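Please read the following note with the sequence and the model side by side. Each point may be checked directly on the display.

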Amino acid sequence: MRIRILDLVDQSPVLAGAPLGRTVFARLAISAAAADGDEPIILDLTGVDVMTASFLREAVIRFRDLLASQAPARPLLVANLTEQVAGEFDFYLGQTRDVLWSAQVDAAGVVTDRQLLGTLDSAERATLEAVE
């Protein structure tokens with residue numbers, strides 16, 4: 001399932017603040033609940049120019065945690081991040097010692113350039129490398 005985040009925020013390229021993050025989280029939760037299957041959820045950030053840490057925490061991280069608690073087989077992949085938005089993810093995830101999968105996803109849904117954003121400790125990194 002692919003969710004284009006700009007469709008949830010009236011096409012605004014600036015995603016800032018905890019209140020907007022909570023609103024988007026609710027919309028993401030409704031979208032995911034309506035979907036069938038166990039395929040990964042791709043949160044497409046095409047067109048997002050700015051995303052603050054407070055928005056990221058309240059929308060994306062809460063949504064990822066909801067998915068993990070309700071449907072562990074449905075991972076979240078954030079896609080098509082600009083360099084600035086990827087930097088905000090790296091900063092926030094580094095501070096919280098957390099990780100998220102990121103990639104580029106084209107119009108046909110082809111996933112390329114998959115990478116882990118954030119920080120893994122050495123044991124977690126060894127486990128990840130063993131299963132890849």
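1. The structure under discussion is a predicted model.

2. Strand β3 and its partners. Strand β1, residues 2–4, runs parallel to β3, and three bridges join the two. Within this pairing, Arg2 has Ile42 of β3 as its bridge partner. β3 is also joined to β5, by four bridges and again in parallel. Here Asp44 stands opposite Ala79 of β5.

3. The two faces of β3. In a regular strand, side chains alternate between the two faces of the sheet. In β3, Ile41 and Leu43 point one way, whereas Ile42 and Asp44 point the other way. Are these four residues buried or exposed? All of them are buried, the charged residue Asp44 included.

4. The hairpin. Strands β6 (residues 99–105) and β7 (residues 111–118) run antiparallel and are joined by six bridges. One of the pairs to locate is Ser102 with its bridge partner Gln115 in β7. The two strands form a hairpin with five residues between them. In the turn, Gly109 has a positive phi of about 90 degrees.

5. Packing of α2 against α3. Two packed helices are described by the angle between their axes and the distance between the axes. For α2 and α3, the angle is about 80 degrees and the axes lie 10 Å apart. An angle from 65 to 115 degrees counts as roughly perpendicular, and α2 and α3 are therefore described in that way. On the α2 side, the contact is made by Ala53, Leu56, Arg57, Val60 and Ile61; on the α3 side, by Glu88, Phe89, Tyr92 and Leu93. Seven of the contact residues are nonpolar, two are charged and none is polar.

6. The largest nonpolar core. How many residues does the largest nonpolar core have? It has 32, and those with the most contacts inside it are Leu43, Leu45, Met51, Val60, Phe63, Val78 and Phe89. At least two core residues come from each of α1 (18–34), β3 (41–44), α2 (53–70), β5 (76–79) and α3 (83–96). The largest share, seven residues, is supplied by α2.

7. Phe89 and its surroundings. With neighbours within four places in sequence left aside, Phe89 is in contact with Leu45, Met51, Leu56, Val60, Val78, Leu81, Leu100 and Leu117.

8. A second core. A separate core of five residues is also found; Ile42, Leu77, Ala79 and Val105 are among them.

Note on methods: Residues are numbered from 1 along each chain as its sequence is written. This is a predicted model: local features need pLDDT of at least 70, side-chain atom pairs count only at pLDDT 80 or more; totals for chains, interfaces and linings use all residues. Side-chain values use heavy atoms; hydrogens and water are left out. A nonpolar core is a set of buried Ala, Val, Leu, Ile, Met, Phe, Trp, Tyr and Cys residues joined through side-chain atoms within 4.5 Å. Buried means under 20% relative accessible area, exposed over 50%, partly exposed in between (1.4 Å probe, protein chains only). Contact means heavy atoms within 4.5 Å. Two strands pair if DSSP finds at least two bridges between them. Axes are lines fitted to C-alpha atoms, for helices over the stretch in contact, and angles run from 0 to 180 degrees between N-to-C directions. Angles under 35 degrees count as roughly parallel, over 145 as roughly antiparallel, 65 to 115 as roughly perpendicular and the rest as oblique.
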